[in-house]
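Dear colleague,

I am handing over the structure below, together with a short account of what was found in it. Please look at the structure first and then read on.

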Amino acid sequence: MTPLDGQRGVVVAAGGRLSVDLFDKASTLNGYWDALVAGYAMDAIGGESAEATVDDATAFLHRVLRAEATPAEAAGEGTELHVDSDGIAGCALRWNDAVVHLAAFEVAP
């Protein structure tokens, strides 16, 4: 399994929850693809069975996009944006006015 041409992100249902990783460019996703798939597989081990529809994924993405983000100093370049609201936890790295990577997942209320 590999990303489609031009694909810049992925939404996954694993371990009983939805999660998302979005990148600035397809080449960035390609560079992290194997590690992401391995991480999603680890999340699924021993977790709840998770089946999600396209509507579930779409609703989750809308919640992520609506969630309030708090800026924080990044360890290196750019600014981190931390999200912890509406049943979502995550962070993003913004550099040169672009989000380089956004990672978020559902959390229990």
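A nonpolar core, as the term is used here, is a set of buried Ala, Val, Leu, Ile, Met, Phe, Trp, Tyr and Cys residues joined through side-chain atoms within 4.5 Å, where buried means under 20% relative accessible area, exposed over 50% and partly exposed in between, with a 1.4 Å probe and protein chains only. This is a predicted model, in which local features need pLDDT of at least 70 and side-chain atom pairs count only at pLDDT 80 or more, while totals for chains, interfaces and linings use all residues. Residues are numbered from 1 along each chain as its sequence is written, and side-chain values use heavy atoms, with hydrogens and water left out.

On confidence, the chain has an average pLDDT (the predictor's confidence in each residue, from 0 to 100) of 89, and 96% of the residues score at least 70. Among the elements (DSSP runs numbered from the N terminus, with helices being H or I of at least four residues and strands E of at least two), strand β3, residues 69–73, has the lowest mean, 88, and β2 the highest, 94.

The largest nonpolar core has 11 residues in all, among them Leu18, Val20, Phe60, Val64, Leu81, Ile88 and Leu102. Two or more of its residues come from each of β2, α2, β4, β5 (88–95) and β6. A second, separate core of 8 residues includes Val10, Ala14, Trp33 and Leu36.

Ser19 is found in strand β2 and counts as buried because its relative accessibility is 10%; its contacts (heavy atoms within 4.5 Å), not counting residues up to four places away in sequence, include Val10, Tyr40, Phe60 and Phe105. Ala103 lies in strand β6 and, at 22% relative accessibility, counts as partly exposed. The C-alpha atoms of Ala103 and Val11 are 9.9 Å apart, although 92 residues separate them along the chain.

With kind regards
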